[in-house]
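Please open the model in your viewer and keep the sequence at hand.

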Amino acid sequence: MKRIGVLTSGGDAPGMNAAIRAVVRAGLKNDISVIGFKRGYNGVLMRSADQGDDFSLMTARSVSDKVHRGGTFLMTARCSEFLKEEVQRKAVENLRSLGVEGMVCIGGNGTFAGADALNRLGMPTIGVPGTIDNDLMYTDSTIGFDTALNTACECVNRIRETSDSHERASMVTVMGRDCGDIAVHTALACGAELVMIPEIPWSVEEVADRVKWGVMRGKNSMIMIFAEGAVESLTTDVEKLCAQHECLRDVSLRHITSSQIAMMIEALAQHETRATVLGYIQRGGSPTSFDRILASRLGNRAVELLRDDVGGRAVGIRDNHIVDVPIEEGKQSRKGADQALLDLIATLS
């Protein structure tokens, strides 16, 4: 191949810039020119009045001073219309008009689905896993997960100090709509007493009992880690519970928030409980050395595959070895939680 393209799509993840840098510089080293497409698959569709808003030819200088920066300088966005085959065919047509012979698509399973579609239409693609959720089954780690985990741990450490000072329970909400990896690893690393994730059913009553038992044992403060998607695995009859407690009468049954769950825990445990939502702070910041190295290795391997005219693969890491699998396999989300880690959290808490 003589020319390839690179894009970042879906949610941003620290380390994406390092991956782009690796793709560009590895490409140039192999006499392959690289076009960077902006805002994910939107850039490939080339609908802006100024083409410079959609793509640009990358040089070694284009990626200077980028390896340590968070976010993605190519920007990112979702593109729901890319689900349509006629839109995908238009994208392939656009890529060929620029002389692009292969694509590197950096993102999560939604990004991989788009890459798989391009590959099926004759445009060789390589998927690079860039998502803080660490929810792709085929790889031990995704770009951005380690940074998000370290950010969450730093925040929890600060919250614990306030929790100790006020002798309260603190419920910290981390990202993880469908996958509880950030929550589980944060809970273990920070010595949290409880973790609630979308993969495992749980109830407010059980959590409140744990809080009460902790207070009885002399633990006046404690940390609970709550994955944002854990509300989906909640088994409590919230309407019935709220009807039984006057202080919960104003809880919204249509959209239950972590703050409302903290109120329920406090009502049942009779121990002050406060909620903190970390939100998008977990996506930002300079990537850790682990994520920079992982992104660089994966970006380089993606170029090597395209150089050898190999497409339809997703690169990842297993046991510290860079691997590649069919992209159909790569886009499968991780199913189930790591029970060994959950058992360890229970043991150590």
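**A guided tour of selected contacts**

Begin by selecting K66 and F73: the charged end of K66 sits over the ring of F73, 5.0 Å from its centre. A charge is taken to sit over a ring if NZ of Lys or CZ of Arg is within 6 Å of the ring centre and within 35 degrees of the ring normal. The model is a predicted one, in which local features need pLDDT of at least 70 and side-chain atom pairs count only at pLDDT 80 or more, whereas totals for chains, interfaces and linings use all residues. Residues are numbered from 1 along each chain as its sequence is written, and side-chain values use heavy atoms, with hydrogens and water left out.

**Aromatic pairs**

The structure holds 4 aromatic pairs; rings of Phe, Tyr and Trp (its six-membered ring) pair if their centres lie within 6.5 Å, and planes under 30 degrees apart count as stacked, over 60 as edge-to-face and the rest as tilted. Select Y41 and F82, whose ring centres are 4.3 Å apart with planes at 20°, so this pair is stacked. Y41 belongs to helix α2 (residues 41–45) and F82 to the loop between β3 (55–58) and α3 (85–97), so that the pair links distant parts of the chain, 41 residues apart. Helices (H or I, at least four residues) and strands (E, at least two) are DSSP runs, numbered from the N terminus. Y41 and F82 are both buried; buried means under 20% relative accessible area, exposed over 50%, and partly exposed in between (1.4 Å probe, protein chains only).

Next, select F112 and Y138. Their ring centres lie 6.4 Å apart and their planes meet at 40°, so the pair is tilted. F112 counts as buried at 0% relative accessibility, and Y138 counts as buried at 2%.

**The open sheet**

Now display β7, β8, β6 and β9. These 4 strands form an open sheet in the order β7-β8-β6-β9, with parallel pairing; two strands pair if DSSP finds at least two bridges between them. The edges are held by β7 (194–196) and β9 (273–277), each with a single partner strand, so one side of each is left without a neighbour in the sheet. Strand β6 (residues 169–174) is joined to β9 by 5 bridges, and V172 stands opposite T276 in β9.

**Helix α6**

Select helix α6 (residues 181–190), which lies across β6, β7 and β8 (222–227) and runs at about 165° to β8. Axes are lines fitted to C-alpha atoms, for helices over the stretch in contact, and angles run from 0 to 180 degrees between N-to-C directions. Contact means heavy atoms within 4.5 Å. Of the 10 residues of α6, 7 are buried, so the helix is largely enclosed by the rest of the structure. The cover over its buried residues includes α5, β6, β7, β8 and α12 (339–348). G191 follows α6 and has a positive phi, near 70°.

**Helices α1 and α10**

Move to helix α1 (residues 16–29) and helix α10 (residues 289–307), which pack at an angle of about 40° with their axes 7 Å apart. Residues of α1 including A18, A22 and V23 meet residues of α10 including R292, A295 and G299.

**Two positive phi values**

M75, in the loop between β3 and α3, has phi near 65°, a positive value in a residue other than glycine. At 32% relative accessibility, M75 counts as partly exposed. D309, in the loop between α10 and β10 (313–318), has a positive phi near 60° and counts as exposed at 58% relative accessibility.
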